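Hi,

Here's the structure I promised to pass on. Have a look at it first, then read my notes below.

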Amino acid sequence: MFRMPRMPRFYARRRLATLAAATGLIASAALFNSPTASAALPTPVSGATARSYLSQLTVATENRTGYKRDLFPTWITISGTCNTREYILKRDGTNVTTDSACVATSGSWYSPYDGATWSAASDVDIDHLVPLAEAWDSGASQWTTAQRQAFANDVTRPQLLAVTDNVNQSKGDQDPATWMPSLTSYRCTYVRAWVQVKYYYNLSVDSAEKSALTSYLSGC
């Protein structure tokens, strides 16, 4: 039976995502032996709340028909030359300095996915915790461009995080059924954040994804 798609909660409630900072980066890479920075992902909901949210998510088969990354505009310039990427780099880094163009010129960044710390912003990607393609598959194909832009630049929910670039690239568009952070101590945070974002935006889960989330959340 055909069912009209629900509006995302963020749109129905007229919530506005806070946006800011970022652009291209130039620096030489250096991996530290021990962390000197710590990522500052907005604290996700508790395990109990995440389990409750998960039970309310629609289970549906994913459909990637028509997906293109540029249907999710990133990064958004908010003030002067600053956009979302630079905002997250400054939020998640330690002793971050920027130039007049809002480009990070120094600092250190700890990646909670793999436990690595970097001294060059060029070694750091901003991960969409729930990938853009995954969002498209699970309901964002029905959104307006403005709604997809808000999702892709949401710094209010636990959706954007500075991580090691090649780790982010290896994750790609995978969900928790096929990819999880190698740092096991971060997995509970990761799945709580994943479910919170999907719940907030009224995104569905597929059966394998729900099974994996249920398993991980049982230990949170």
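Tyr-110 has Thr-117 in S5 as its bridge partner. That pair belongs to the link between strand S4 (residues 104–111) and S5, which run antiparallel and are joined by three bridges. A quick word on the names: helices (H or I, at least four residues) and strands (E, at least two) are DSSP runs, numbered from the N terminus. Two strands count as paired if DSSP finds at least two bridges between them.

Before going on, keep in mind that this is a predicted model, so local features need pLDDT of at least 70 and side-chain atom pairs count only at pLDDT 80 or more, while totals for chains, interfaces and linings use all residues. Residues are numbered from 1 along each chain as its sequence is written, and side-chain values use heavy atoms, with hydrogens and water left out.

Back to the sheet. S4 and S5 are part of an open sheet of three strands, in the order S3-S4-S5, with antiparallel pairing. Strand S3 (93–98) and strand S5 (116–118) are the edge strands, each pairing on one side only. On average, neighbouring strands here are turned by 10 degrees against each other, direction ignored. Helix H3 (residues 84–92) lies across S3 and S4, at about 135 degrees to S3. For those angles, axes are lines fitted to C-alpha atoms (for helices, over the stretch in contact), and angles run from 0 to 180 degrees between N-to-C directions.

Contact here means heavy atoms within 4.5 Å. Asn-95 is also placed in strand S3, and it has a positive phi of about 55 degrees although it is not a glycine. Is Asn-95 buried or exposed? Asn-95 counts as exposed, at 68% relative accessibility. The cut-offs are under 20% relative accessible area for buried, over 50% for exposed, and partly exposed in between (1.4 Å probe, protein chains only).

Cys-102 sits in the loop between S3 and S4. Its phi is positive too, near 70 degrees, in a residue other than glycine, but Cys-102 counts as buried, at 3% relative accessibility.

Next, another pair of strands. Strand S6 (residues 124–128) and S7 run antiparallel, joined by five bridges, and Asp-125 has Val-163 in S7 as its bridge partner. Why is S7 called largely enclosed by the rest of the structure? Because five of the five residues of strand S7 (residues 160–164) are buried.

S6 also turns up in the lining of the second largest pocket, where it gives the most, with four residues. S6, helix H4 (132–137) and helix H6 (165–171) each supply at least two residues of that lining. By class, the lining has six nonpolar, four polar and five charged residues. (Ala, Val, Leu, Ile, Met, Phe, Trp, Tyr, Cys and Pro count as nonpolar, Asp, Glu, Lys and Arg as charged, and the others, Gly among them, as polar.)

One last thing to find: a cis peptide bond joins Thr-74 and Trp-75, with omega about -20 degrees. Trp-75 is in the loop between helix H2 (47–56) and strand S1 (77–79).

Cheers
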